[in-house]
Amino acid sequence: MRGLVLVSSGHSVIVGQNQAAFTPRLPIKTRLAAGIPPLSLRAVGGVEIQGRAKPMARILLAEDDDSMRRFLAKALQNAGHDVESFGNGNEAHSKLKDDIFDILLTDIVMPEMDGIELARRAAELDPTLKIMFITGFAAVALNPETEAPKDAKVLSKPFHLRDLVAEVERLMAA
């Protein structure tokens with residue numbers, strides 16, 4: 001098969017001459033352990049393609065407000081990121097047990113399991129997971145008495161979508 005292989009943040013897309021695409025899944029941690037760089041573009045046959053692609057993040061989004069969740073997921077997908085979204089912390093935590101993500105983006109105030117508890121449990125499952133809270137209650141996340149992971153970022157509502165995308169890109173670059 002002649003075509004193009006695109007690799008970014010643990011995801012590959014193989015596009016053939018007939019424009020058919022196949023997307024195998026290979027988590028970033030597996031790729032790094034195998035010595036494969038986290039971001040590269042190579043033509044089939046090993047010829048390097050000139051230019052730089054934006055790193056794509058694999059994001060788990062936990063937000064209980066349906067319209068906000070759809071809005072954020074769409075904006076992040078439009079920016080080139082792979083987003084899986086859930087309406088509560090329990091569902092998001094279950095997914096974290098079975099899959100690998102680069103970023104956990106979570107609201108703080110949610111039913112069943114709040115975002116701080118979700119972030120704490122997520123950090124136990126994967127200490128390399130980057131965590132960002134989105135909330136209208138920033139003081140809760142910044143309160144030293146909470147058990148929020150120490151390196152978590154906070155983006156206070158309301159925010160502009162470009163700020164969210166920029167913060168995700170900063171997290172991926174860190």
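These are my notebook entries on what I looked up in the structure above.

**Entry 1: ground rules**

I am working with a predicted model, in which local features need pLDDT of at least 70 and side-chain atom pairs count only at pLDDT 80 or more, while totals for chains, interfaces and linings use all residues. Residues are numbered from 1 along each chain as its sequence is written, and side-chain values use heavy atoms, with hydrogens and water left out.

**Entry 2: the overall picture**

I looked up the secondary structure and found 6 helices and 9 strands in the protein; these are DSSP runs numbered from the N terminus, with helices (H or I) of at least four residues and strands (E) of at least two. I then noted that buried residues make up 39% of the 174 residues, where buried means under 20% relative accessible area, exposed means over 50%, and partly exposed lies in between (1.4 Å probe, protein chains only). Among contacts between residues at least 6 apart in sequence, 56% join residues at least 24 apart; a contact means heavy atoms within 4.5 Å.

**Entry 3: the cores**

Which residues have the most contacts inside the largest nonpolar core? I found that this core has 19 residues, and that I59, L76, L105, L164 and V168 are the ones with the most contacts inside it. A nonpolar core is here a set of buried Ala, Val, Leu, Ile, Met, Phe, Trp, Tyr and Cys residues joined through side-chain atoms within 4.5 Å. At least two residues of this core come from each of β5 (58-62), α2 (66-78), β7 (103-107), β8 (130-135) and α6 (161-173), and α6 gives the most, with 5 residues. I also wrote down a second, separate core of 17 residues, which includes A62, L96, A122 and I131.

**Entry 4: L76 and H81**

I followed L76 next and, leaving aside its neighbours within four places in sequence, I found it in contact with I59, H81, V83, L105, L164, V165 and V168. H81 counts as buried because its relative accessibility is 4%. A polar atom of the H81 side chain lies 2.9 Å from the backbone nitrogen of A57.

Is T106 buried or exposed? T106, which lies in strand β7, is buried, because its relative accessible area is 0%. Apart from neighbours within four places in sequence, T106 is in contact with A62, G115, L118, M132, F133 and I134. I then turned to helix α4 (residues 115-125), where I116 is found, and noted that I116 counts as buried at 9% relative accessibility. I116 and G89 are 27 residues apart in sequence, and their C-alpha atoms are 9.4 Å apart in space.

**Entry 5: the end of the chain**

L171 is found in helix α6 and is buried, with a relative accessible area of 6%. Leaving aside neighbours within four places in sequence, L171 is in contact with I103, K130, M132 and K153. The C-alpha atoms of L171 and I103 are separated by 8.1 Å, although these residues are 68 apart along the chain. A174, in the segment after α6, is exposed, because its relative accessible area is 76%. From A174 to K130 I noted 9.4 Å, C-alpha to C-alpha, across 44 residues of sequence.

**Entry 6: two backbone details**

Most residues other than glycine have a negative phi, and most peptide bonds are trans. E112 sits in the loop between β7 and α4 and counts as exposed, at 62% relative accessibility. I also noted the cis peptide bond that joins K157 and P158, with omega at about -5 degrees; P158 is found in the loop between β9 (153-156) and α6.

**Entry 7: a pocket**

Which residues lie nearest the centre of the second largest pocket? They are P127, L129, K130, D151 and A152, out of 13 lining residues. By class, I found 8 nonpolar, 1 polar and 4 charged residues in the lining.

Terms used. 1 Å grid on protein atoms, 1.4 Å probe; cavity = no way out; pocket = protein on both sides within 12 Å on 5 of 7 lines; lining within 4 Å. Nonpolar A, V, L, I, M, F, W, Y, C, P; charged D, E, K, R; others polar. Polar contact = N/O pair within 3.5 Å; in protein donor to acceptor, adjacent residues only side chain to side chain.
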